[in-house]
Amino acid sequence: MNKSEMIEKLRDYLPERRMVHSMNVAKSAMELCDIYGGDREKAEIAGILHDVAKYVKFSDVESYCHKYGIELDDIEKTNTSLSHSILGMYIAKNEFGIDDDEILNAIRFHTTGRPAMSLLEKIIFIADVVEVGRDYPGVDVVRELAFGGELEEAIVHSIDGTISVVLSKKAVLHTRTVEARNYYVKLIKDREKARNSVVI
Ligand SMILES: [Fe+2]
Ligand SMILES: [Fe+2]
């Protein structure tokens, strides 16, 4: 399936508003590739397809899981904001013919992140929250960090914002989000320490 066929097919899954978001994410992801040296082609595909399962109804989640042998954890089972990234990976694989593990994992982890993400995973994670249509308190800071060469700092900042929102809603926070945050906070600290010790 070529790119325009993929976009046409995606229209069967997403409303126009989400199509626009998906194309914006693909564009931001390619721009981030130019900065960080990622694969633009993979980033574009991952961006286009990352939210393919966003409009799967909660009542249909179980049948998708059965169909594709998907195992959701207890938190994902109750929350389509979390399960859509996992389901999306399987839909991208089985219904769009994507067999590239890097692209599939970028889709799979775009909501929670995870420790030690690949470059493409990080790029899609951040492109999703900085694309041009995004407008939430703090988006400018995440954008500046992301497009200013500080990708991991952008990730931590974005996760901090997500955690605040989740807490204020008294919603359930996925443990993988916390693990991702801790991993990147430590990575940034260690990098600063190493930088300082070189100066001394
Ligand atoms: Fe998403
Ligand atoms: Fe998204």
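Q: What should I know about the numbering and the model before we start?
A: Residues are numbered from 1 along each chain as its sequence is written, and chains are lettered from A and ligands numbered from 1 in the order in which they are written. The model is predicted, so local features need pLDDT of at least 70 and side-chain atom pairs count only at pLDDT 80 or more, while totals for chains, interfaces and linings use all residues; side-chain values use heavy atoms, with hydrogens and water left out.

Q: OK, metal first. What coordinates the iron ion (ligand 1)?
A: Asp-51 (OD), His-84 (NE2) and His-110 (NE2), at 2.1 Å. Donors here are N, O and S atoms within 2.8 Å of the metal (3.2 Å for Na, K and Ca); water is not among the atoms, so sites may look incomplete.

Q: What spacing do the donors follow along the chain?
A: For the iron ion (ligand 1), the spacing is D-x32-H-x25-H. His-84 sits in helix 6 (residues 80-95) and His-110 in the loop between helix 7 (101-108) and helix 8 (119-130); this pair is 26 residues apart and links distant parts of the chain. Helices (H or I, at least four residues) are DSSP runs, numbered from the N terminus.

Q: Are those two histidines buried or exposed?
A: Both His-84 and His-110 are buried. Buried means under 20% relative accessible area, exposed over 50%, and partly exposed in between (1.4 Å probe, protein chains only).

Q: And what does Asp-51 bridge?
A: Asp-51 bridges the iron ion (ligand 1) and the iron ion (ligand 2), which lie 3.5 Å apart.

Q: Switching to helix 1. Which of its residues are buried?
A: Met-6, Ile-7 and Leu-10 are the buried residues of helix 1 (residues 3-10). Viewed down the helix axis they fall within an arc of 95°, so they line one face of helix 1. The arc is that of the directions from the helix axis to the C-beta atoms.

Q: What covers them?
A: The cover includes helix 2 (16-36) and helix 3 (40-49), with contact meaning heavy atoms within 4.5 Å.

Q: Where is Val-129, and what does it touch?
A: Val-129 is in helix 8 and counts as buried, at 17% relative accessibility. Leaving out residues up to four places away in sequence, Val-129 touches Arg-134, Tyr-136, Val-139, Val-142 and Ser-158.

Q: Now charges. How many salt bridges does the structure hold?
A: The structure holds 18. A salt bridge is a side-chain nitrogen of Lys or Arg within 4 Å of a carboxyl oxygen of Asp or Glu.

Q: Which residue does Arg-191 meet in a salt bridge?
A: Glu-153, at 3.3 Å, N to O. Arg-191 lies in helix 11 (residues 175-199) and Glu-153 in helix 10 (residues 151-168), so the pair ties together parts 38 residues apart in sequence. Arg-191 is partly exposed, with a relative accessible area of 29%, whereas Glu-153 is buried, at 19%.

Q: What about Asp-190?
A: Asp-190 forms a salt bridge with Lys-186, the closest N and O atoms being 2.9 Å apart. The two are 4 residues apart in helix 11, and are therefore separated by about one helical turn. Asp-190 is partly exposed, with a relative accessible area of 34%, and Lys-186 is exposed, at 53%.

Q: Which residues form a network of salt bridges?
A: Lys-122, Glu-152, Glu-153 and Arg-191 are joined into one network by salt bridges that share partners.
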